[in-house]
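Reader: I am new to this structure, and I would like to learn how to read its features one at a time. Could you take me through them, giving the general idea before each case?

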Amino acid sequence: MPESNSSEAKTPRVRFAPSPTGYLHVGSARTFIFNWLYARHNHGTMVLRLDDTDVERNTDASVRSIFGGLRWLGLNWDEEYKQSERLALHRQQAEAIFAKGHAYRDFTPAHSADSDQSSAQGAWLSNPGMRELSREESDRRAAAGEPFALRYRVPRGEDRILRFVDGVYGAQTKLADEVEDFALLRSDGMPTYHLASCVDDADLRISHIIRGQDHLTNTFKHLLIFDALGAEAPQFAHLPLLVAPDGTKLSKRRHGPVVSVTTYRDAGFLPQAFVNFLCLLGWSPKNDREFLTLDELTAAFTLEGVNRANAVVNFTEDDPFDAKAVWLNAEHIRALPVEQLSPLLQPFLEQTGLQASPDKLLAVTPLIRERIKLLRDGASAADFFFLPQLAPYDPAELIPQKGDASLARRVLKHAQEVLTTTAFDHDSLDQALRAAAAQLGLKAGPMFQPIRVAVCGRKNAPPLFETMAVLGREVCLERIRQAEERLQSLG
RNA sequence: GGCGCUAUCGUCUAGGGGUUAGGACGUGAGAUUCUCAAUCUCAAAACCCGGGUUCGAUUCCCGGUAGCGCUACCA
């Protein structure tokens, strides 16, 4: 199997191999995206493999969270595997490696060696006792049922140098003497990550492994495993890590929910904006472009554009989202046709208890599109369109800058008269209200503010005429009447 | 500790032996506008330190420092 001529594959096969021990992490999401872009850019195959060999820590909730996150991103994959279903293959290959003499049984009880620091001084490189155990004794103890871990017999002596060329970091070398005899099989017979991962990568004929830089050093072990498997090692490309403002790797414990992609989804990020943002972390199209569609990203993506330094996701306690992510989201929201944006807004409005009919929301959407950065902002930006009754507001807001309550009253009174007869469309309202302002000897500002506050219940809102047209005559008139009442309280 | 990787505005980045070191976000100021937003203009803001190499280094080399990663019978 591993020696099958994988080199004849013309198109790349890449994989994303998350382990279901938590939710989908933004760093993992980026790794997935980069793999996907690489596959699509090169017309290759995207493989999704669940690396679930750690039975202790795997959870179904995590599996659901990961798939949910990936589905939300909207990037599909071509093949799907589950590592736990491939156990037989892993053991068989471990056996083959042992049979070829590339591994030995280590009968040292688990956790006995790592307790004291001094053991990390030199003995860790190899297990003098176990490495040299005769085959006969090894077989005998194994047959007697003594538990053992299977360890790779890393070549010692000479100046054996392990080398590979990383697609991002360039030529990498390491002395084999600096690689310890790492485990392939645990004493319970389960494969370790290194073994399972390499066996599967070889078996699935993965041509390019694109993963986080935290695996850069592990790659030497993997090279050794591919070698023992008799398989050609894939190409490797490591990605700089995503780190928090404190410089450390993003983690749930330290940094909270900001590291989960569901947090972005639930706040109302558009997946295309989120993808766009993540791509700009550690990769650059090198042409000063920031706003990129998925197609543009696919066309532009190359490993050469990947940076080598870790990238900071710039969030704070007050502000859980990187300002650039928010800005990009606003850009993508504005780029979306109203008919597409509107239904996306719907659940966010309903979440806050607003009853928004699709038709009305469609009419409202263009009025708030430029005023929201996240989809969830839609609720606060558009609430007054859907509230049957305006929330109480300070009547003082009805009074324009350089005016008093009586001016506000005059404006509202006059507006009522005008609005009773004019048609409720943008142009008619525009003409009628401007004319009304002129009659009162007022500029637009002082004229429109009392009306805006009366109709919207606040000072900052979308353009007045469009807003009133959507609200309709009845509602506007009623709200102005109520505003007059509120004004009474000011005497 | 050992090994490895990295180092340009606050953040994401472009660039590269001679440049006013470019862009974006954010920030500040202004313009426009019925408010807000959007848009436009302008501004402040960076080559980690020390040695080399060179006529000339932010760029190339070495060292230092700092950060990160690996160093598990976790992945």
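Author: Let us begin with a term: a polar contact is a pair of N or O atoms within 3.5 Å, and within protein one of the two must be able to donate a hydrogen and the other to accept it. Please keep in mind throughout that this is a predicted model.

Reader: With which side chains does the side chain of histidine 238 make a polar contact?

Author: The side chain of histidine 238 makes one such contact with the side chain of aspartate 166, at 2.6 Å, and another with the side chain of arginine 211, at 3.3 Å. Histidine 238 itself has its place in strand S10, which covers residues 235-239.

Reader: Is histidine 238 buried or exposed?

Author: A residue is called buried when its relative accessible area is under 20%, and exposed when that area is over 50%. Histidine 238 has a relative accessibility of 0%, and therefore counts as buried.

Reader: How do I read the cysteines, and how many disulfides does the structure hold?

Author: A disulfide requires two cysteine sulfur atoms within 2.5 Å of each other, and the structure holds 0 disulfides. Take cysteine 476, whose sulfur has its closest cysteine sulfur in cysteine 456, 8.2 Å away, so the two are too far apart for a bond. Cysteine 476 also counts as buried, because its relative accessibility is 0%, and cysteine 279 is likewise buried, with a relative accessible area of 0%.

Reader: Which residues other than glycine have a positive phi?

Author: Among them are lysine 286, with a phi of about 60 degrees, and aspartate 288, with a phi near 70 degrees. Lysine 286 lies in the loop between helix H10 (271-279) and helix H11 (294-300), and aspartate 288 is found in the loop between H10 and H11 as well. Lysine 286 counts as exposed because its relative accessibility is 63%, and aspartate 288 counts as exposed because its value is 75%.

Reader: How many residues surround RNA strand B, and which are the closest?

Author: To read such a surface, one can start with the neighbours and then turn to single contacts. RNA strand B is surrounded by 65 residues, of which Thr108, Arg186, Gly282, Glu370 and Arg452 are the closest, and 71% of the RNA atoms that come within 4 Å of the protein belong to sugar and phosphate. For alanine 461, a backbone N or O atom lies 2.5 Å from a base nitrogen of RNA strand B.

Reader: Which element gives the largest share of the surface near RNA strand B?

Author: That share, 5 residues, comes from H12, and the surface near RNA strand B divides into 22 nonpolar, 19 polar and 24 charged residues.

Key. Residues are numbered from 1 along each chain as its sequence is written. Chains are lettered from A and ligands numbered from 1 in the order in which they are written. This is a predicted model: local features need pLDDT of at least 70, side-chain atom pairs count only at pLDDT 80 or more; totals for chains, interfaces and linings use all residues. Side-chain values use heavy atoms; hydrogens and water are left out. A residue is near a molecule or strand if one of its heavy atoms lies within 4 Å of it. Helices (H or I, at least four residues) and strands (E, at least two) are DSSP runs, numbered from the N terminus. Ala, Val, Leu, Ile, Met, Phe, Trp, Tyr, Cys and Pro count as nonpolar, Asp, Glu, Lys and Arg as charged, and the others, Gly among them, as polar. Buried means under 20% relative accessible area, exposed over 50%, partly exposed in between (1.4 Å probe, protein chains only).
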